[in-house]
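Thanks for coming, everyone. I would like to walk through a few local features of one model today, so please have the sequence and the structure open as I speak.

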Amino acid sequence: MKGPGELLYAQSDSTQVNKVANSSNSQTEADSLFSLGEKYLNSQKYEQSLPLFQKSIELYGLTDNHKKTGDCFNYIAVIHYYQGDYSKTILFFKKSIESHKKARYKKGVASLLNNIGSVYNTSGNYLKALDYYKQAIVMFEEVGEKENLGVAIRNIGLIYMEGKDYKNAMEYFRKSYALHRKLNDQKNICETLIPIGNVYAKEGRYDSAFENLTKALQIADEEKDKQLQIRALASLGDLFYSKSDYNRALPYYTRCLAYSNEVGRLQYQSESQIAIGGIMHMLGKNRSSLVKCQEGLRLAEKLGSLSQKKGGCDCLYRAHKSLGNNQQALRYYEQANAYGDSLNLAETSNKMMGMEFQQQQLVDSIAYVKKEYVVQLKHKEEVRRREKSRNIIVISLCFMLLIAAGLWNRLNYTRKSKSALQTEKDRSDTLLLNILPEEIAEELKEKGKVSARDYDLVSILFTDFKSFTQTAEKMTPQSLVEELNICFKAFDLITEKYQIEKIKTIGDAYMAAGGISKADKDSTRNIVLAGLEMQAFIRNRALEAHRTNRPAFEMRLGIHIGPIVAGIVGVRKFQYDVWGDTVNTASRMESSGMVGKVNISETLYQIIKDEDCFSFEYRGYVQAKGKGEAAMYFVEKCSVAQLVA
């Protein structure tokens with residue numbers, strides 16, 4: 001189970017509180033409500049504490065007590081965090097920052113920056129999480145707040161752990177642990193022992209992992225802190241689950257679930273249910289497994305966690321399969337695959353954010369070097385000014401230095417110009433490769449033109465949304481374009497995955513080709529796999545849309561194979577395109593197909609009919625516009641059960 005970054009609660013500061021008069025009735029009533037809200041919050045009674053903090057905000061507003069107003073917003077954000085509503089969490093943390101800035105309460109602002117980083121860490125946006133954690137560390141060091149400095153350092157370690165950089169993660173955890181040991185802060189010692197134990201578990205050092213996690217649970221039990229107990233129990237359950245010691249894992253997960261139910265921790269409720277369901281399956285208790293996994297999946301859908309939804313579907317697939325419910329098993333298997341694809345897209349997005357972070361670090365480093373250089377130049381100028389007043393020899397030396405500086409600047413300018421030209425060339429090459437196949441792009445750069453080429457065997461794929469105009473009428477122009485972009489972006493990733501060429505999009509139609517750069521049996525199999533994956537994406541997209549009462553697209557998809565001519569037409573806004581009867585026939589395969597199906601021609605069927613991964617449904621001769629009757633087949637990917645059989 002994933003351990004999110006820790007949050008910091010509001011902390012009292014008498015120097016700030018005393019700046020506000022405590023004599024008014026509003027102030028007194030607000031303080032009473034605030035204290036009662038804190039009591040309920042510490043007891044994990046969130047529903048009772050929330051209205052008390054909301055009322056306190058109104059009363060503190062009457063006395064302009066910005067510090068206490070900020071504390072209320074902070075606590076409200078913490079409540080939403082434990083209830084899994086991260087958008088509201090960030091909203092109220094930012095409101096709290098505004099209030100603390102008005103009160104000039106730097107310690108509070110630093111704590112809130114850490115908290116926002118923890119929310120982004122929990123939701124997987126590690127780039128933003130690192131940015132907020134580093135801002136928090138700077139402010140904690142300014143105000144000399146060592147306890148919370150240790151928390152922010154530990155949170156950075158959690159990000160490295162999530163990125164599987166266990167060496168750096170452990171370095172940050174040990175720094176945090178040393179700070180908290182020095183302060184004898186038992187709760188934060190416990191908070192640090194949990195991720196240390198998790199790192200040891202991931203490295204396969206199970207004895208060290210068990211020692212640290214057991215010590216953490218002991219401290220959590222002594223402190224009677226349910227949140228710490230939940231996380232320590234979950235980690236111990238994960239430890240024994242990873243070792244396939246299910247009988248030892250089960251009591252930890254069961255106790256974790258009980259505490260999560262008490263305090264309303266949706267994330268751990270879902271994860272515990274799914275984990276227990278998985279153990280029930282491994283112990284042969286598949287009906288109990290179904291109940292647990294179904295409840296875990298329901299909570300995961302409420303939470304909106306892709307990884308937990310996939311875990312729930314995987315668990316239900318295994319349980320239904322063991323019970324012989326093949327139809328139900330197949331449904332959850334497909335859902336698990338869809339969530340897996342979405343997780344892969346999210347992982348790709350996180351990698352892109354990581355690249356942005358590295359790029360930003362490089363920019364910051366360059367800016368720092370330039371700043372240092374400017375300072376050095378100022379120092380040199382001051383030295384030259386003083387020495388100039390001494391004698392004429394120094395004047396001559398200064399003149400020579402100016403000439404050298406000019407030459408250096410000229411050389412530096414030339415070097416930067418070359419670097420800028422190379423950067424622009426790289427950008428243009430990248431753009432060209434995004435438009436044209438690599439072989440064609442190289443020919444265009446070399447000759448300034450591209451000759452048309454004949455290809456003997458190329459597979460052409462067409463997609464088209466059914467009743468596009470009617471569906472589009474139910475959507476705003478902006479939402480229509482966004483939906484098309486989501487679909488076509490997914491198609492682009494699929495074509496890249498299966499190494500086939502995207503040719504173009506025309507309105508709501510999408511066209512791709514396989515075998516242009518290399519025609520072989522893999523290219524024909526891959527384009528069919530790509531088509532099946534595109535249809536699966538559209539089906540899952542439609543299911544999500546129906547659950548939220550949004551319009552959804554349905555799609556036809558057809559594939560044909562044969563000879564084509566490919567090349568570039570025109571000299572402005574050029575586009576790589578393909579022509580020939582094969583293209584027309586592929587278009588007819590699409591228009592003669594059915595929604596949700598992949599329709600292929602007789603020619604393509606003869607090439608791939610012996611592929612074990614496909615099953616086919618013969619449609620007979622179907623009337624195709626402008627082509628007469630043509631033999632067609634629906635193709636599907638074999639299920640796991642079919643492959644075993």
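Before the surface, one definition: patches are made of residues with over 30% relative accessible area and no salt bridge, and nonpolar side chains are joined within 5 Å. Please also keep in mind that this is a predicted model.

By that rule, Leu397, Phe399, Met400, Ile403 and Leu407 form a nonpolar patch on the surface, and together they have about 540 Å² of accessible area. Phenylalanine 399 is found in helix H18, residues 392-435, and it is exposed, with a relative accessible area of 54%.

Leaving aside residues up to four places away in sequence, phenylalanine 491 touches Thr463, Tyr510, Met534, Phe537, Ile538 and Met555.

Let me turn to helix H11, whose 18 residues, 206-223, should span 26 Å at 1.5 Å a residue, which agrees with the 25 Å between its end C-alpha atoms. Buried in H11 are Ala209, Asn212, Leu213, Ala216, Leu217, Ile219 and Ala220. Because they cover an arc of only 160° around the axis, they are on the same side of H11. They pack against helices H10 (186-202), H12 (226-242) and H13 (246-263), whereas the face turned away from the buried side carries the exposed residues Asp207, Glu211 and Glu222. After H11 comes lysine 224, with a positive phi near 55°.

How values were computed
Residues numbered from 1 in each chain as written. Predicted model: local features only at pLDDT ≥ 70, side-chain atom pairs only at ≥ 80, totals over all residues. Heavy atoms only, no water. Helix = DSSP H or I, 4+ residues; strand = E, 2+ residues; numbered from the N terminus. Expected span 1.5 Å × (residues − 1). Buried < 20%, exposed > 50% of the residue type's maximum accessible area, 1.4 Å probe, protein only. Arc of directions from axis to C-beta. Contact = heavy atoms within 4.5 Å. Patch = residues over 30% accessible without salt bridge, like charges linked within 9 Å, V, L, I, M, F, W, Y side chains within 5 Å. Areas by Shrake-Rupley, 256 points an atom, 1.4 Å probe, with all protein chains shown as cover. Salt bridge = Lys/Arg side-chain N within 4 Å of Asp/Glu carboxyl O.
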